[in-house]
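Reader: Could you take me through this structure? I would like to begin with its overall layout and then turn to details.

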Amino acid sequence: MVGIGLIGSGFMGKCHALAWTSVRAVFGDAPEVRLVHLGEANTALADTRAREFGFARASGDWRAVVDDPDVDIVSITAPNRFHAEMAIAALEAGKHVWCEKPMAPEFAAAERMAAAAQASGKVAALGYNYVQSPSIRHIGALLAEGAIGAVNHLRIEMDEDFMADPDAPFFWKHEASSGYGALDDFAVHPLSLIETLFGRVARVMCDMAMPYPERRTAEGGRRAVETYDVASTLLRLENGVSGTLLANRSAWGRKGRLQLQIFGSKGSIVFDQERFNELKLYVTSDRPTEQGYRTILSSPHHEPYGSFVPAPGHGLGFNDLKTIECREVLARIEGRQARLIDFASGLEIERTVHAMARSFREGRWVDVRQERPRNG
Ligand SMILES: NC(=O)c1ccc[n+]([C@@H]2O[C@H](COP(=O)([O-])OP(=O)(O)OC[C@H]3O[C@@H](n4cnc5c(N)ncnc54)[C@H](O)[C@@H]3O)[C@@H](O)[C@H]2O)c1
């Protein structure tokens, strides 16, 4: 029996709770889990959410979760600025950690998280759920078998419209303490796909924009926005592949777009998270009269789709990606092979993000390897 602690119970907190609740039913090989302790910003909210999600104990102080002897794994889903302190405390208390992305707004803090993970010997995983999708896994298999030949260019775009309304109020994602903005919120996800499918980024050239520099506050005043909603980056990967990564949190009409286009010498692949139960494949080996993108619907042939639904084309949902990620966390803890972005590979994503920000500040290409903590 594995004891679960959950810190934060908002959007992602609920996703983690659902994943912990369903992981064993979906994947019969997962161990039994017990929802032990939920921590929130205050006791009343903790009590309410613990009742709703099925946790045995609740606390208005996250440290009680970390210190709970019955907790083996801590899910961290609080805002970005708390990740480092919470994750390091949990690792030092001997717990495994499953922390939401990004690692931390400051690169030095992300480095401390990676060092704490290494010193602890515990599993320290990040919430890069998009790498878990059966379609993305299949794209990895197609690339490995050379289905589209040698890859020479990729384009990734991540867009949503949750900040598109100029009248939407100021909240924590507009504060510099949450990071740079679109880079930490969005660009890290495409970078997790790049890390998983292609390897490391070598050089970046980035521009950022702030469409709405001021927002109204809940109290009726105005406040200057400290983060950038838009980031546009040219990339060069260590394997020589060129690419672009575009991210926009103020893109009206885009709800959960994470589009990946991969161009190779013998074809191309197109994927969009808004339609993540399908991918499009173009191969030059088709007869010229029939050349064109074919749409491949997810099915039990695409692991681990079949663990959720036996019927092809019926589709998974966003929360299912979290359940797959949860199974991978448990597999890694059991010493089995697992597909995860852990704190060590997550640190390389953070290094790339900070190189992007430096590129924007200094108006030049930046070598990712040379990126060091701003305050380190
Ligand atoms: N993997 C993904 O696809 C994905 C998607 C959205 C958000 N995220 C990440 O998840 C994290 C949370 O984002 P969210 O959208 O769920 O935010 P949210 O605002 O919906 O939830 C955050 C929760 O943390 C709680 N909280 C705040 N301070 C706390 C404290 N000191 N102790 C305990 N709880 C505290 C809040 O009360 C709230 O319930 C962020 O780091 C974000 O980047 C990941």
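Predicted model: local features only at pLDDT ≥ 70, side-chain atom pairs only at ≥ 80, totals over all residues.

Reader: Which domains does the assignment give?

Author: It gives domain 1 (2-127) and domain 2 (130-316 + 337-342 + 349-356); such bounds come from an automatic or database domain assignment. Taken over C-alpha atoms, the centres of domain 1 and domain 2 are separated by 25 Å.

Reader: And how many residues does each domain bring to the contact?

Author: Domain 1 brings 14 residues and domain 2 brings 14 residues, where two residues are in contact if their C-beta atoms, placed from the backbone, lie within 7 Å.

Reader: What supplies the largest share of the side of domain 1 that touches domain 2?

Author: Strand E6 (124-126) does, with three residues. Helices (H or I, at least four residues) and strands (E, at least two) are DSSP runs, numbered from the N terminus. By class, that side of domain 1 has eleven nonpolar, one polar and two charged residues. Here Ala, Val, Leu, Ile, Met, Phe, Trp, Tyr, Cys and Pro count as nonpolar, Asp, Glu, Lys and Arg as charged, and the others, Gly among them, as polar.

Reader: Turning to the sheet, in what order do the nine strands run?

Author: The order is E16-E15-E14-E13-E7-E12-E11-E8-E17, in an open sheet with mixed pairing. Two strands pair if DSSP finds at least two bridges between them. E16 and strand E17 (366-367) are the edge strands, each pairing on one side only.

Reader: How do E8 and E17 pair?

Author: Strand E8 (residues 201-209) and E17 are antiparallel, with two bridges. Val204 is placed opposite Val366 in E17.

Reader: And what joins E14 to E15?

Author: A hairpin of five residues links them. Strand E14 (residues 267-272) and strand E15 (residues 278-283) run antiparallel and share four bridges, and Ser268 has Tyr282 in E15 as its bridge partner. E15 is likewise joined to E16 by four bridges in the antiparallel sense; there, Lys280 is partnered by Thr295 in E16.

Reader: Now the helices. At what angle do the axes of H6 and H7 cross?

Author: The axes of helix H6 (residues 134-144) and helix H7 (residues 182-197) cross at roughly 35° and come within 10 Å. Axes are lines fitted to C-alpha atoms, for helices over the stretch in contact, and angles run from 0 to 180 degrees between N-to-C directions.

Reader: Which residues make that contact?

Author: H6 contributes Ile136, Ile139, Gly140 and Leu143, while H7 contributes Leu193, Thr196 and Leu197. Five of these residues are nonpolar, two are polar and none is charged.

Reader: What about the ligand: how many residues surround it, and which are the closest?

Author: The shell has 20 residues, and the closest are Gly8, Gly10, Phe11, Met12 and Glu100; a residue is near a molecule if its C-beta atom, placed from the backbone, lies within 6 Å of it. Helix H1 (residues 11-26) gives the most to this shell, with three residues. The shell divides into eight nonpolar, nine polar and three charged residues.

Reader: Finally, where is the cis bond with omega near -15°?

Author: That cis peptide bond runs from Lys101 to Pro102. Pro102 lies in the loop between strand E5 (96-99) and helix H5 (107-120). Another cis peptide bond joins Glu303 and Pro304, with omega about -10°. Most peptide bonds are trans.

Definitions and conventions
Residues numbered from 1 in each chain as written.
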